[in-house]
Amino acid sequence: MPLSDTPDFRSSIDFTALAVERAMDRLLPRGSDPEARLFEAMRYSVLGGGKRLRAFFVMSGATMFGVASHASLRVAAAVEFVHAYSLIHDDLPAMDDDDYRRGRLTNHKVFGEAMAILAGDALLTLAFRLIADNASRMSDPRMIARVVADVADAAGTDGMVGGQVVDIESEGKDVTAETLEYIHRHKTAALIRVSLCAGATLAGARPEQLGVVRAAGEVLGLAFQIVDDILDVEGSLAELGKSAGSDERKKKATYPAFHGLEASKQQARTLIAESKRLLDPLGPAATPIRALADFVLERRS
Ligand code: GRG
């Protein structure tokens, strides 16, 4: 039985999602200021569903090194804000031009393009405010500076934005296997890797331990996007909360399009096994991450 099927894992993932949703609700602006419509747009996308896996990565990274999960809650929320910003911008007409996300209309369909862009911008900046804020709560401000830099790298030109640029420029073209992997590693794996590393960094993991976490997070992140590509072929609107088959319609560079469905599934399985093997030096403390790796492979949404 995959580790992700155990009742313990299921309840810890539900518990984390609930805790981070409460924290995000508290941390997001609200009220009747002149910016009220912006606040509504931010809250609409952040609080409207999602698996909260990146939050779970942050908190598991921290607990693995002995820090109680609630101590990393603000950073977990911050990473989910970065993720929500990327989804809002990714759905815009100038990007993927999608109408549905998480089973609801996309942000720009409800609030208009200008407000959707600004909601994304505001979420990204709020995320860094929250990570910096953590300095007063955690022991070592140098760790906070490290996490700020790492998340900036993962979200920026060396990460998500860089991957998105290559993805957009590859649409409709023949890409090589190397370019495809580059897109996936930058667009998706970088934020997943940094989520795990942020928690571990905050908890004071040693450099060699962080190296292990980083390597496992990178491989897990790549597997995550391959599974996402597979689900886009095999899933339904009801399961995914967004239109299936959109990658093919947009002639996106995906693993199934390049390698075929069966080879992509095999590749995802191999990467998940590798990510678990990479965690070996961390022993039983890494069990929740191994379970999460299984969950990434088994997920249907
Ligand atoms: C416009 C400056 C600018 C930057 C945009 C949009 C963008 C940068 C990057 C896009 C990155 C992106 C959207 C990658 C897709 C990653 C992915 C697989 C998302 C789905 O993640 P899940 O399944 O979603 O964890 P939930 O809804 O469960 O949170």
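Entry 1: I note that the model is predicted. I then checked which elements supply at least two residues to the shell around the ligand: helices H4 (73–91), H8 (160–170), H9 (177–202) and H10 (207–234). H4 gives the largest share, six residues.

**Entry 2: the shell.** I counted 20 residues around the ligand. Lys51, Arg54, His83, Met95 and Arg102 are the closest. Sorted by class, the shell holds seven charged, seven polar and six nonpolar residues.

Entry 3: I went through the side chains facing ligand oxygen atoms. For Lys51, a polar side-chain atom is 2.6 Å from a ligand oxygen. For His83, a side-chain N or O atom lies 2.8 Å from an oxygen of the ligand. Arg102 also places a side-chain N or O atom 2.8 Å from a ligand oxygen. I then looked up burial: the ligand alone exposes 740 Å², and the protein buries 87% of that.

Entry 4: I read a volume of about 1000 Å³ for the largest pocket. Its lining has 48 residues, with His83, Leu87, Asp90, Arg101 and Lys242 nearest the centre. Elements giving two or more lining residues include helix H3 (53–63), strand S1 (100–101), helix H11 (237–240) and helix H12 (246–249). H4, H8, H9 and H10 are also among them. Which element gives the largest share of the lining? I found H4, with eight residues. By class, I noted 21 charged, 15 nonpolar and 12 polar residues in the lining.

Conventions:
Residues numbered from 1 in each chain as written. Predicted model: local features only at pLDDT ≥ 70, side-chain atom pairs only at ≥ 80, totals over all residues. Heavy atoms only, no water. Near = heavy atom within 4 Å. Polar contact = N/O pair within 3.5 Å; in protein donor to acceptor, adjacent residues only side chain to side chain. Areas by Shrake-Rupley, 256 points an atom, 1.4 Å probe, with all protein chains shown as cover. Helix = DSSP H or I, 4+ residues; strand = E, 2+ residues; numbered from the N terminus. Nonpolar A, V, L, I, M, F, W, Y, C, P; charged D, E, K, R; others polar. 1 Å grid on protein atoms, 1.4 Å probe; cavity = no way out; pocket = protein on both sides within 12 Å on 5 of 7 lines; lining within 4 Å. Points joined across faces, edges and corners; volume = space filled by probe spheres on them.
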